[in-house]
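These are my notes from a first look through this structure. I wrote the entries in the order in which I looked things up.

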Amino acid sequence: MSESTPEMSHDTPTSETVLLRREGGLARITLNRPASLNAVDAEMASRWREVTADVAADPSIGAVILDAAGRAFCAGGDVVSMSTSGMGGAAVTETARIIHDGITSLTGAAVPVVAAVQGAVAGGGLGIMLVADYIVASPTAVFVSKYANIGLTPDLGVSTLLPAAIGQRRALQLLLHDTTLDAATALDWGLIAEVVDDPAARARALADSWLTGATTAFGQAKRLVRDGAGRTFAENLDAEARTIGSRFDTDEARVRIDAFAAASARRTRTEETS
């Protein structure tokens, strides 16, 4: 599967602005306005909210791939459409809130999300990308704010998710200066996790590893980290204690704990007799 042609669902029309395909415990969400660099208009915003809510509510999903059709991942909001349609500030606010609903759905779901990124990621596209818990990008990917260039301010979670990823100073550097990050710099800053020649293949490999491993534990680890920013340290400690205790009694954990204990015992016996 190439970067520009993500795998499509057989039962989802390609005219949809956001595609959803399920394959067992894997959900693939694909931004699908390639002619507009996947810039989000009102129709795409509504579809994004619908798809993400669907995925977040499905208990059978254990991993999510977020990718995009065409040569760019996401150019943010469709400013051209906003301008030419006579859209006012109230409508822009409502569209942003609809997109925010989808961002909340995915960041709040106890399911790990990996993004496969190619080409440009600009403005609100940074926020959509940062919904993912793990980001792999092509060597030619570029990352840029552009908000101030057109007199606008961050949306789609950028003011929160960006500094959480790269720190406040670097976030401000990106937002207050016309700075473009190449893939290597984005990796160095911690904006992305890996630079690979085939992000789609790498994202699939990561998703498969979550699905064949301790799937629920991966999801709960993601939930603890994502929720932690909104709680006190004491509340986080309590959440960790409750979560690890509930995990300890699951079949998924017990099999792995017993295997670990047995392997440890074998190593000890070997060391004692050597």
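Entry: second largest pocket. I asked which element gives the largest share of the lining of the second largest pocket, and I found that α3 does, with four residues. The model is a predicted one, and I read every entry here with that in mind. I noted a volume of about 500 Å³ for the second largest pocket. I then looked up its lining, which has 26 residues; G77, V79, Y147, L152 and D155 are the closest to the centre of this pocket. Two or more residues of that lining come from each of α2 (79–84), α3 and β5 (120–122). By kind, I listed 16 nonpolar, seven polar and three charged residues in the lining of the second largest pocket.

Entry: largest pocket. I looked up the space in the largest pocket and wrote down about 720 Å³. Its lining is made of 28 residues, and those nearest the centre are L130, D133, L161, A164 and R226. I checked which elements contribute: α3 (89–108), β6 (134–137), α5 (158–166) and α9 each give at least two residues to the lining of the largest pocket. I sorted the lining of this pocket as 17 nonpolar, seven polar and four charged residues.

Entry: K222. I went to helix α9 next, where K222 has its place. Is K222 buried or exposed? Its relative accessibility is 7%, so K222 counts as buried, the limit for buried being under 20%. I then looked up what K222 touches, leaving aside neighbours within four places in sequence: the contacts are L106, T107, A109, A110, V111, V113 and D133. One of these, D133, is also among the residues nearest the centre of the largest pocket.

Entry: the sheet. I traced an open sheet of six strands and wrote its order as β1-β2-β3-β4-β6-β9, with mixed pairing. Its edge strands are β1 (18–23) and β9, each of which pairs on one side only. I then followed β6 to its partners. On one pairing, strand β4 (residues 113–117) runs parallel to β6, with four bridges between them. Within it, I found A116 opposite V136 and V117 opposite A137. On the other pairing, β6 and strand β9 (residues 194–195) are also parallel, over two bridges. Here E194 in β9 is the bridge partner of V136.

Entry: helix α11. I asked why the distance between the ends of helix α11 fits its number of residues. The helix has 23 residues (251–273), and at 1.5 Å a residue it should span 33 Å. The C-alpha atoms at its ends are 33 Å apart, so the two values agree. I also looked up which residues of α11 are buried, and found E252, A253 and A263. The cover over these buried residues includes α9 (215–228) and α10 (233–248).

Entry: L37 and N38. L37 is not a glycine, yet its phi is positive, at about 55°. N38 is likewise a residue other than glycine, and its phi is near 60°. L37 lies in the loop between β2 (26–31) and α1 (42–56), and N38 is in the loop between β2 and α1 as well. I then checked how accessible each of them is. L37 has 26% relative accessibility, which means that it counts as partly exposed. N38 has 0% relative accessibility and so counts as buried.

Entry: L172. I placed L172 in helix α6 (residues 168–176). L172 counts as partly exposed because its relative accessibility is 35%. I also looked up the separation between L172 and S159, which are 13 residues apart along the chain, and their C-alpha atoms are 9.2 Å apart.

Definitions and conventions: Residues numbered from 1 in each chain as written. Predicted model: local features only at pLDDT ≥ 70, side-chain atom pairs only at ≥ 80, totals over all residues. Heavy atoms only, no water. Expected span 1.5 Å × (residues − 1). Buried < 20%, exposed > 50% of the residue type's maximum accessible area, 1.4 Å probe, protein only. Contact = heavy atoms within 4.5 Å. 1 Å grid on protein atoms, 1.4 Å probe; cavity = no way out; pocket = protein on both sides within 12 Å on 5 of 7 lines; lining within 4 Å. Points joined across faces, edges and corners; volume = space filled by probe spheres on them. Nonpolar A, V, L, I, M, F, W, Y, C, P; charged D, E, K, R; others polar. Pairing = 2+ DSSP bridges.
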